[in-house]
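The structure is displayed first.

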Amino acid sequence: MFEAFDATLLARMQFAFTVSFHIIFPAFSIGLASYLAVLEGLWLWKKQTVYLELFDFWKTIFALAFGMGVVSGIVMSYQFGTNWSVFSDRVGPIIGPLMGYEVLSAFFLEAGFLGIMLFGRNRVGPGLHFFATLMVAVGTLISATWILAANSWMQTPQGFAMNEAGQFVPADWWAVIFNPSFPYRLVHMVLAAYLTTALVVGAVGALHLLRRTAPLRAGTMFSMAMWMLTIVAPIQILAGDQHGLNTLEHQPAKVMAMEGHYQSHPNGAPLILFGLPNHADQRIDYAVEIPRLSSLILRHSLDAPLAGLDTVPRELQPPVPIVFWSFRIMVCLGFAMLGLGLWSLYCRWKSQLYANEWLHRAAVVMGPAGFVAVLAGWVTTEVGRQPYTVYGHLLTADSVSPIAAAAVGSSLVSFIIVYFLVFGAGTFYILRLMSRLPRDPSGDLDEGPIRTAGITPGQQTAILHEGGHHGR
Amino acid sequence: MAVDLAFLWAAIIAFAVLAYVILDGFDLGVGILFPLFPEKRHRDVMMNSVAPIWDGNETWLVLGGGGLMAVFPLAYATILPALYAPIIAMLLGLIFRGVAFEYRWRTKRAEELWNWAFAGGSAVVALAQGIMLGALVQGIPVENRAYAGGWWDWLTPFSIATGLAVLIGYALLGATWLVMKTTGDLREKARTLSSIAAIATLVAMGVVSLWTPFLEPLYLARWFSWPTAIFSVIVPLLVLGCFLLLAIGLRDQHDSQPFLAALGLFVLGYAGIGISFYPYIVPTSLTIWDAAAPQESLAFLLFGALILVPVILVYTGYAYWVFRGKVDPHEGYH
């Protein structure tokens, strides 16, 4: 069944598939953990019940997302060995300790305090409970730091030597961890996680503002999310620009692919807005371009020369069409986020933040944008690293396990089936929880969940769950 | 060499794997026993007894995998391809049972589906881990720093036997955990199941122990030649002692003694395996020194492990302490 494929391609497909699913959950839970800490902190400080209610609402959603992140993450920690054993043997001495530190300093911290955060409020008191929430939030950030150090080292490796067995041996750990692209990637990813969460929280708030179910709760979270978006989206665009300049310095071929520059431009390169990459003929068809703008962005000069992929041997070029498109998707979504943030600021200034239904509709539509942007960004940086796993030093083709295509292929099919089934169900449950924001305690006259009970099984379940929330 | 870092790391990895086996062992065991408790009120309590801690328990598995890659990369790079199919099965099982902790409370209509995901996933994980253990013990061929066997080599009568043994053993851990954490008719039933599982575990340990020495001349020499043959007397005696404590604990209605005695059985079984194949990490192809990462890697992570592992043990212990005592059936999660 899998004879037509080679094991390397199947292993790459498996990695891409499982890591893409996995990254969705941390991207959301990093931001949500921080948001929960803020909500609980505000509750302890201001004693306004709306913060506690929002905390409980998002806590249940966090538990689901975090659980999916854990189980999809375990898959990643074993896949290096099953499918990429040569990589593991040769790069393990460097990547391994970084991931070891991630487990020791972050995973245990998150897991140890998650139980207390989810189940322990009545057992430990408010102060310690807040501490547990903080530890979970800090844990997610520490985890991001280590894994991005590992990933960045693969992009911009330094501080190593080679031994006789062909292994990468650490020579200077400081240089390994603080490799050139690490600070940029860390900032870019953490901000992306915060934006992703802000968009989701904002969409849920906007949805319930439109439905008028719980104006106080919905309005509070909507306002918080829009502040986050307004402040972070411009910073993120700046951080992305800096990250791009760093990539130009250390991985020029990746930037050439992102820009679609097949040809070198000695006197100022154009910015290609759109076009159809024609990798076979090494050109962009139907390109819509602005002259010299690329040189201005990347070199801060209108006539600065920019080398193109014609300087890179064909077999060492990344797959341009994928990188070209994923980069544009990410950038477009980034500017859409900026637009939503600025629009919300304008509405806030006009005292229309809670009333402008078009803003709310736009926020609902933009709810998943963060996830798409994160995936597009990761595709850009990871596919742009090809054909290497360790940039410039170890080819992807030389990293794979000596394993039969049939084994990789059948495990890939099982992962696809199970992931869509299991994470599809989880996403459905999360969306259902999001659509069931409990009503504000005092307010609308038509409030009265007891009276509506029994009309449909769905509503009854919702009320049962809500009853459970108060018991915690 | 002043300090043998590879040996130190072998001890730490061995500790992490043991911590994983006994900790996740009992919460997997609770899942394995799920089908024997058809009543929803029992299942709710069973799940709540492990819900706050299962995630921490499973983190030891990540440490086992990640740590192995960091400090014994060659072992990681040869064992995992050799055990390809059971590892994939384990990962898929872990997904199903892991999400069931949350999903089960999020739906009425599909609750039964996630009950089966929890039970089936837990059983598959236990079987797969047992098969992996058996496949490791029976040996993994390595040539030129790569796994040199076929992709069905892990499947033998011996590995099936170890798979069943681990399944039974985890069920015992789960049953004695429930004796400790629950009350009433649930506890009574767990007590009965503990007795059955204890006898089955003893039989399984006996079968595997008698089988192992005949797989490999090295193991035979270990158990039947001086001075290591002394363990052939000590280990079985300690096993019988633990079994006795377990039986008495169950008879006299002790809460924690049966669970602790069951843990003792696992520690002894684990030690027995270690005695068989030390200093090999991939029997009988690679010793811990063959597979060890360069000194710089070992030292760098050791620094962190020596500080962080004790801290982890403290707050993990604290989390267990917060949720100590019997599970209150009315203090539900959702």
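## Basis of the description

The model is predicted: local features need pLDDT of at least 70 and side-chain atom pairs count only at pLDDT 80 or more, whereas totals for chains, interfaces and linings use all residues. Residues are numbered from 1 along each chain as its sequence is written, while chains are lettered from A and ligands numbered from 1 in the order in which they are written.

## Overall form of the two chains

Chain A contains 15 helices and six strands. Helices (H or I, at least four residues) and strands (E, at least two) are DSSP runs, numbered from the N terminus. The C-alpha trace of chain A extends over about 70 × 50 × 45 Å along its principal axes. Buried residues make up 51% of the 472 in chain A; a residue is buried if 20 or more other C-beta atoms lie within 10 Å of its own, exposed if 12 or fewer, and partly exposed in between, with C-beta atoms placed from the backbone. Of the contacts in chain A with a separation of 6 or more, 74% are between residues 24 or more positions apart. Two residues are in contact if their C-beta atoms, placed from the backbone, lie within 7 Å.

Chain B has 13 helices and four strands. Its radius of gyration is 20 Å, close to the 20 Å given by the globule rule for 334 residues, so chain B is as compact as a globular protein of that length. The C-alpha trace of chain B spans about 60 × 40 × 40 Å along its principal axes. In chain B, 55% of the 334 residues are buried, and 78% of the contacts between residues at least 6 apart in sequence join residues at least 24 apart.

## Interface between the chains

The contact between the chains draws 62 residues from chain A and 61 residues from chain B. On the side of chain A that touches chain B, at least two residues each come from helix 2, helix 3, helix 4 (121-155), strand 2 (168-170), helix 13 (405-434) and helix 15 (457-471). Helix 3 of chain A supplies the largest share, 23 residues. By class, this side of chain A has 37 nonpolar, 23 polar and two charged residues. Ala, Val, Leu, Ile, Met, Phe, Trp, Tyr, Cys and Pro count as nonpolar, Asp, Glu, Lys and Arg as charged, and the others, Gly among them, as polar.

## Helix packing in chain A

Two packed helices are described by the angle between their axes and the distance between the axes. Axes are lines fitted to C-alpha atoms, for helices over the stretch in contact, and angles run from 0 to 180 degrees between N-to-C directions. Helix 2 (residues 49-83) and helix 3 (residues 85-119) of chain A cross at roughly 160°, their axes coming within 11 Å. Helix 2 and helix 3 of chain A are therefore roughly antiparallel; angles under 35 degrees count as roughly parallel, over 145 as roughly antiparallel, 65 to 115 as roughly perpendicular and the rest as oblique. Residues of helix 2 of chain A that meet helix 3 of chain A include A:Phe66 and A:Phe80, and A:Leu114 and A:Leu118 are among those in helix 3. The contact of helix 2 with helix 3 of chain A has six nonpolar, three polar and one charged residues.

Helix 6 (residues 182-211) and helix 11 (residues 357-365) of chain A have axes 8 Å apart at an angle of about 140°, and are therefore oblique to each other.

## Individual residues

A:Val320 lies in helix 10 (residues 320-349) of chain A and counts as buried, with 24 C-beta neighbours inside 10 Å. Its C-alpha atom is 7.2 Å from that of A:Met258, 62 residues away along the chain.

A cis peptide bond, with omega about 5°, joins A:Gln386 and A:Pro387. Another cis peptide bond joins B:Tyr278 and B:Pro279, with omega about 5°. A:His300, which is not a glycine, has a positive phi of about 55° and is exposed, with 9 other C-beta atoms within 10 Å.

Methods. Rg over C-alpha atoms; globule rule 2.2 N^0.38 Å.
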